[in-house]
Amino acid sequence: MSLLNRWNKQIATLISGRGESVYVARTRLRVVQSLSLFLFALVFIRLTDLTIMQSPQEPFGDTGSSVQSIERADIVDRNGILLATTLQVQSLYADPTMIENKAFVAKQLENILGVVGVDAKLDRKGRFVWIKRGLTPEEHYAVNALGVPGLAFRTETRRFYPQGNLTSHLVGYTSVDGDGLAGMEREYNDRLSKGGEALSLNMDVRVQHALAKSLKAKVKDFDALAAMGGVVDIQTGEVIAAVSIPDFDPHHAGKADKESLRNRFAHGVYEMGSTFKLFSTANYVEETGKGFSKTFDAREPLKEGRFTINDFHAEKRILTLPEVFIHSSNIGSALMGRAIGADAMQKFYSDLGLMDRVDVDFPASPKPLTPKPWRDINTLTASYGHGIAVTPLHVLLATATIANNGIRPSLSFAKGRETDDIQSRILSASTAYKMRQLLRLNVTEGSGKQADIEGYLVGGKTGTSEKAGKGGYDKNRLMSSFIGVFPVDNPRYAVLAILDEPKGNKKSFGYATGGWTAAPVVGDVIADMTRILGIAPNADAPNLTAGLSRYLKKETKITPASYER
Amino acid sequence: MRFVRDNKLLCFLIFAVVVASVGLTLVSQRVYDAQRSVQKAGRDVVRVEWDIRSLKAELAYLTRPDRLDRISSNFVQSIAPAAGGYDMPASTVSFSSSLSSLPEAISPASFDAPLPNKKPVKSKPILANKKSSFDDLLNGIGGRE
């Protein structure tokens with residue numbers, strides 16, 4: 001007989017007469033006992049499961065470091081190379097009340113972090129003081145290794161630019177709060193703030209480097225004040241490279257000086273000088289229908305009212321249209337301007353985009369400085385790039401229009417840019433072809449020889465303008481430029497290089513003109529681009545300048561009625 | 001047992017309650033565990049995403065065109081042609097002054113031919129720029145010269 005039964009029997013015997021109710025009560029007690037035992041068993045099993053059976057790998061609680069979701073989207077170049085990204089950094093703060101030996105700790109921190117004034121911070125009242133924000137992993141480790149209670153870290157996010165100075169002007173930078181302040185960071189601030197897919201630019205960082213490297217070398221060689229340049233895909237309007245020198249470190253934009261922060265490529269307006277002859281000549285050919293046989297009397301300076309227009313290295317003879325171009329005759333161009341007329345020139349320049357802001361996805365695109373009112377003398381000077389100041393972007397756009405068979409592309413810095421600007425034909429294909437011939441002729445026979453590279457057809461135009469100073473133009477302060485197009489038989493890219501105030505050296509025989517300073521930059525960049533982009537030389541390329549030699553005569557015998565004067 | 005016999009429905013109900021409560025407890029614990037796992041996985045994903053971003057940024061920094069330019073020019077300068085008995089490494093870069101001196105282009109059909117097995121030549125170590133490091137990037141140092 002079991003113990004329980006015996007016990008039951010004894011109780012029943014003791015409490016005789018009340019067997020039934022005792023039995024019921026006993027049963028109820030058993031049920032309650034069982035349930036309680038069962039519940040405790042459940043808890044025991046669960047505890048065993050949690051502590052022994054599952055044996056957690058990671059602590060359940062938060063480790064203390066908050067893992068934030070990624071807030072701002074990356075910026076990459078056309079090949080996916082990272083230009084801007086957001087990373088987590090550790091920022092160090094202190095609770096001075098928990099630090100005993102403040103002087104010792106302050107000295108340790110100053111040694112590790114390279115900052116000063118930590119002792120003053122630790123002497124402050126209060127329970128929170130920043131010591132340094134944005135520590136490097138090495139600094140983080142070293143401070144952590146001190147083991148000082150009262151020092152703690154907070155995880156923050158910070159914008160990083162792996163390409164550094166190379167893309168500082170184009171990509172821009174953000175504020176401490178993560179708002180874009182310049183460049184693409186500012187232009188696409190709303191899109192970037194939403195996170196998600198990276199913003200892809202049209203820029204190729206390799207071409208950007210090639211352009212920056214060449215410009216910096218020339219700035220050094222010619223002791224120039226500054227330089228700027230750009231590369232544009234003529235057919236699509238994509239800006240492949242955009243450089244402004246001096247540049248700055250985007251991680252410390254607040255400490256950069258004004259000159260370094262100034263984006264000369266997108267925001268600087270300059271009188272471009274003879275590069276404008278590309279546009280005025282195209283205007284003349286399109287407007288008058290004249291060909292290469294047209295001649296211009298450049299034997300004497302041209303007088304217009306109280307102004308006198310001279311040639312630099314004057315030929316002092318009758319020049320054909322190609323000769324005006326390759327000898328960069330101001331007189332010849334001014335005569336073309338006179339023949340075009342003010343209204344026609346203004347309209348043509350406006351169609352090329354030279355009279356208004358460039359429609360492009362870059363912040364604060366400035367308006368060109370144009371003569372107001374536009375007088376006859378302005379027509380003459382505008383024909384050779386004086387009296388009208390534009391940005392380098394304007395020059396690239398206008399050149400791309402001419403080289404792109406007369407169709408104006410829409411410029412864009414970022415891929416997939418939505419624009420209302422429709423590609424429109426500005427000049428006829430035949431005029432565009434003639435201009436390509438002249439561009440090539442200028443490189444083979446004219447001032448652009450230093451831009452020529454073997455195996456590729458490069459065309460281009462030099463420009464050297466004097467900068468305006470007190471009392472007129474200063475001969476010693478030049479803006480030297482070269483606008484190149486290649487391959488000129490089937491143009492794909494336009495390359496512009498400008499040096500601000502270059503000074504002649506021995507190699508250039510003292511000259512600081514565009515042909516000596518800027519043209520070599522374009523040649524170097526094009527040579528690099530052929531390797532970077534895998535552009536093979538075209539052995540079957542047509543000779544654009546075939547037959548043009550008959551227009552390059554020393555003395556052209558013609559009747560006075562046939563030439564412009 | 002008499003109690004069970006006399007109160008079959010009640011016992012069945014008690015049994016059902018016990019079974020249901022055990023089941024619900026187990027299920028709720030499993031769901032709770034699963035939720036914690038999902039949350040933990042989510043945190044891990046975000047953490048790993050940050051790590052990947054750091055690595056990508058470091059890769060972009062280390063493969064900057066100016067840095068590669070510097071390293072490649074150091075490497076090319078370190079390879080000097082020696083007199084007699086010296087096998088030039090297959091990776092030697094030679095610069096020609098004109099296109100005409102370059103060999104003719106290989107036609108694509110010849111790419112199918114197997115390349116001869118050459119004994120690998122030990123090349124000299126690349127002279128790394130010791131000043132450049134990702135920490136320099138975080139310090140704002142190491143920009144373009």
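What follows is a short tour of the pockets and cavities in this predicted model.

## The largest pocket

The largest pocket has a volume of about 1,400 Å³. Its lining is made up of 44 residues, and Phe312(A), Asn330(A), His386(A), Thr464(A) and Glu466(A) are the closest to the centre.

Several elements of chain A supply at least two lining residues each: β10 (307-309), α16 (376-383), β14 (459-469), β15 (472-486) and α19 (514-517). The largest share comes from β14(A), with five residues. Sorted by class, this lining holds 11 nonpolar, 23 polar and 10 charged residues.

## The second largest pocket

Next comes the second largest pocket, with about 960 Å³ of space. Among its 31 lining residues, those nearest the centre are Thr157(A), Arg158(A), Arg159(A), Ser175(A) and Val176(A). Two or more lining residues come from each of β2 (82-94), β3 (129-135) and β4 (151-160) of chain A, and also from α4 (134-139) of chain B.

β4(A) gives the most to this lining, namely four residues. The classes here are eight nonpolar, 13 polar and 10 charged.

## The cavities

How many cavities of 30 Å³ or more does the count give? There are four, and the largest cavity holds about 60 Å³ of space. Of the 14 residues that line the largest cavity, Asn165(A), Leu166(A), Gln208(A), Val243(A) and Ser244(A) lie nearest its centre. The elements α6 (168-171), α9 (205-221) and β7 (239-245) of chain A each give two or more residues to this lining.

With four residues, β7(A) gives the most to the lining of the largest cavity. That lining divides into six nonpolar, six polar and two charged residues.

Note on methods. Residues numbered from 1 in each chain as written. Chains lettered and ligands numbered in written order. Predicted model: local features only at pLDDT ≥ 70, side-chain atom pairs only at ≥ 80, totals over all residues. Heavy atoms only, no water. 1 Å grid on protein atoms, 1.4 Å probe; cavity = no way out; pocket = protein on both sides within 12 Å on 5 of 7 lines; lining within 4 Å. Points joined across faces, edges and corners; volume = space filled by probe spheres on them. Nonpolar A, V, L, I, M, F, W, Y, C, P; charged D, E, K, R; others polar.
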